[in-house]
Amino acid sequence: MKTELKRKLEIAACKIRMGAVEGVYRAKSGHPGGSLSAAELFAYLYFKELRVDPNHPKEPGRDRFVLSKGHTCPGLYAALALKGYFPETELKKLRQIGAMLQGHPDMKGTPGVDMSTGSLGQGVSAACGMALAGKMDGKDYRVYALLGDGELEEGQVWEASMFAGHHELDNLCLVIDINGLQIDGPTAEVGGPEPVDEKFRAFGFDVQVIDGHSFDEIEKAFEHAKTVKGKPSAILAKTIKGRGVSYMENVAGWHGKAPSDEEYEIAMRELKQTLAGLEAE
Amino acid sequence: MAEMMKKATRESYGMALSQLGEEFPQIVVLDADLAEATKTGIFKKKYPKRFVDCGIAEGNMMGVAAGLATCGKIPFATSFAMFATGRAFEQVRNSICYPHLNVKVVGTHAGISVGEDGATHQCLEDIALMRSLPGMTVISPSDHYETVAAVRAAVEHEGPVYLRLSRLAVESFNNSDDYRFELGRGVTLRDGKDVTIIATGLMVSRALEAVKLLEQKGIDARLVNIHTIKPIDRELILKAAGETGKLITVEEHNVIGGLGDAVAAVLSEELPTPLRKIGVNDQFGHSGPAAALLEQFGLCASNIAEVTEEFLKK
Ligand SMILES: Cc1ncc(C[n+]2csc(CCOP(=O)(O)OP(=O)(O)O)c2C)c(N)n1
């Protein structure tokens with residue numbers, strides 16, 4: 001990836017992390033862990049990949065994005081705000097009464113949200129429907145859905161995957177954020193969805209395994225996915241839950257907890273330092 | 001005049017869909033490996049490219065329908081009532097109703113008249129489930145003509161709709177020529193001043209027979225067909241309550257959460273009126289021929305007439 005673009009995306013990812021932490025801190029609740037692990041994926045989608053226009057959020061020909069792991073919307077909201085769908089001040093009102101930003105994505109209330117999600121597994125099916133509609137109408141838009149690895153324990157994911165494979169939805173790309181942790185602990189211990197690559201291959205997917213924090217690898221995978229014909233794509237992105245905030249990294253407890261005042265200060269200090277470093281480069 | 005024909009409402013549904021297909025190119029029909037039984041196969045034959053077999057995966061089917069609706073399609077997601085509303089309840093709630101998407105959920109084989117398949121397939125809870133969802137319109141048509149009209153109304157209505165259909169053939173009694181269907185408006189099939197029988201779906205034809213039996217006994221019963229259970233026709237129900245006093249509701253559903261409770265809610269809020277609910281009394285069904293089951297559970301003309309007579313004596 002070109003250095004200039006990479007710098008831009010790294011800055012975006014850092015700002016997304018800051019926005020997510022800010023929102024969860026103000027709300028005194030929410031899901032930081034999986035928002036931070038997916039920050040590079042959000043950044044790449046909104047600032048490189050998706051053909052979307054914040055001034056025309058409902059444009060029928062746009063690419064679609066479904067956050068199937070809806071609980072990590074603090075990350076999505078930060079990306080949407082950064083992209084210009086709504087003012088960044090909305091992030092501070094996350095989860096408050098009357099706020100535009102609901103605890104889980106609400107397509108009716110938030111510009112840029114293509115599907116209401118939060119019940120795990122359901123977003124994948126909706127993404128299949130969007131991809132199928134694109135095929136029926138001969139449109140060239142693409143549909144991306146972001147899932148968690150814990151989410152793969154939900155049976156509907158595999159109903160939907162079978163459907164996507166069977167209907168040869170090559171305009172559909174599932175991105176799995178494999179951070180290895182869910183609420184009750186390590187995914188390998190709780191539900192054990194591994195081997196994930198073999199499962200998706202068996203369901204008729206083109207599968208790639210990448211480092212989900214490396215923009216070089218993300219770019220290569222997304223570019224390859226667009227060339228795949230006759231089958232849907234799955235990009236298995238290995239990540240670190242809570243990435244970017246030292247004390248949150250790889251700690252299951254930070255799945256759905258808000259930082260205290262002190263913890264917030266530390267997180268923001270660390271992220272600001274990262275940002276300053278990137279901007280100085 | 002309506003020619004007397006016997007047809008299951010699921011069959012009328014399949015026919016109506018395939019007729020509307022041309023006028024509404026946005027219609028897409030989804031099924032979960034039951035196209036022969038649900039009669040969506042009729043649409044499939046005519047429009048194979050707009051028919052999606054989702055396989056035996058009802059939860060996914062509802063989500064796919066939701067996704068299609070976000071892209072401007074009018075999906076009819078069809079399965080047996082039990083699986084469409086029970087198994088996939090949460091998908092209907094979160095992926096269809098919460099975002100208020102234009103998906104039509106269609107449950108065929110509702111009630112105990114599914115017959116021999118038994119309790120696992122006899123859905124007696126679907127009205128309760130679907131009516132509890134914000135923004136969901138619930139329609140339970142009574143015969144061929146009403147079903148055809150209801151399918152059109154569902155297409156023309158913007159938002160989620162649940163259409164409840166039956167396996168058993170039923171006589172058509174609504175007038176084919178001048179039948180007007182309006183969402184949310186009940187139909188007074190017979191005027192009367194002693195008592196009002198309010199029925200829905202398959203039970204309307206049984207209630208019609210019951211009214212004739214009562215007439216022979218000198219009881220002048222009014223008959224109201226509530227084809228739209230939500231939003232319910234409050235005005236018509238309150239008028240009947242005011243004019244005839246006692247009311248009887250008849251439905252092929254658990255007495256908990258269905259038509260009877262919907263009517264009772266209207267009455268208790270505005271005009272408390274004695275009400276007797278005829279339905280399945282909070283129990284599971286079992287295997288048997290449909291007609292025999294309906295009789296055994298009291299969902300037949302003679303029992304409706306009997307209960308009404310008793311009720312009037314009180
Ligand atoms: C159907 C359903 N069951 C349970 C939950 C509660 N829940 C929210 S997040 C979560 C764990 C998700 O883990 P994972 O998919 O790995 O997400 P990530 O680690 O990326 O946050 C659970 C069980 C839910 N939202 N939906």
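Residues are numbered from 1 along each chain as its sequence is written, and chains are lettered from A and ligands numbered from 1 in the order in which they are written. In this predicted model, local features need pLDDT of at least 70 and side-chain atom pairs count only at pLDDT 80 or more, while totals for chains, interfaces and linings use all residues; side-chain values use heavy atoms, with hydrogens and water left out.

Let's start where the chains meet. Here 26 residues of chain A are in contact with 26 residues of chain B, contact meaning heavy atoms within 4.5 Å. About 1900 Å² is buried between chain A and chain B, and carbon and sulfur atoms give 60% of that area. Buried area is the accessible area (1.4 Å probe) that two parts lose on being put together, summed over both. On the chain A side, A:Gln122, A:Met136 and A:Glu159 lose the most area to chain B, together 27% of what that side buries.

A salt bridge is a side-chain nitrogen of Lys or Arg within 4 Å of a carboxyl oxygen of Asp or Glu. There are also nine residue pairs in polar contact between the two chains, both residues at pLDDT 80 or more. A polar contact is a pair of N or O atoms within 3.5 Å; within protein, one must be able to donate a hydrogen and the other to accept it, and residues adjacent in sequence count only if both atoms are side-chain atoms. Helix H5 (122-136) and helix H6 (155-166) of chain A each supply at least two residues of the side that touches chain B, and the largest share, nine residues, comes from H5(A). Helices (H or I, at least four residues) and strands (E, at least two) are DSSP runs, numbered from the N terminus.

Now look at helix H6 of chain A, where you will find A:Gln156. A:Gln156 counts as buried because its relative accessibility is 5%; buried means under 20% relative accessible area, exposed over 50%, and partly exposed in between (1.4 Å probe, protein chains only). The side chain of A:Gln156 makes a polar contact of 2.8 Å with the side chain of A:Ser125, and another of 2.8 Å with the side chain of B:Gln91. A:Ser161 lies in helix H6 of chain A too, and is buried at a relative accessible area of 1%. Beyond neighbours within four places in sequence, A:Ser161 is in contact with A:Leu174, A:Phe200, A:Phe203 and A:Phe205.

Next comes the ligand, with 18 residues around it, A:Lys69 and A:His71 being among the closest. Residues are counted here if one of their heavy atoms lies within 4 Å of the molecule. A polar side-chain atom of A:Lys241 lies 2.7 Å from an oxygen atom of the ligand, while a polar backbone atom of A:Gly118 is 2.9 Å from a ligand nitrogen atom.

Finally, the whole structure has 33 salt bridges over all chains. One of them joins A:Asp216 to A:Lys6, with the closest N and O atoms 2.9 Å apart. This pair links helix H9 (residues 215-225) and helix H1 (residues 3-27) of chain A, 210 residues apart. In chain B, B:Arg222 forms a salt bridge with B:Asp191 at 3.2 Å; B:Arg222 is buried at 7%, whereas B:Asp191 is exposed at 55%.
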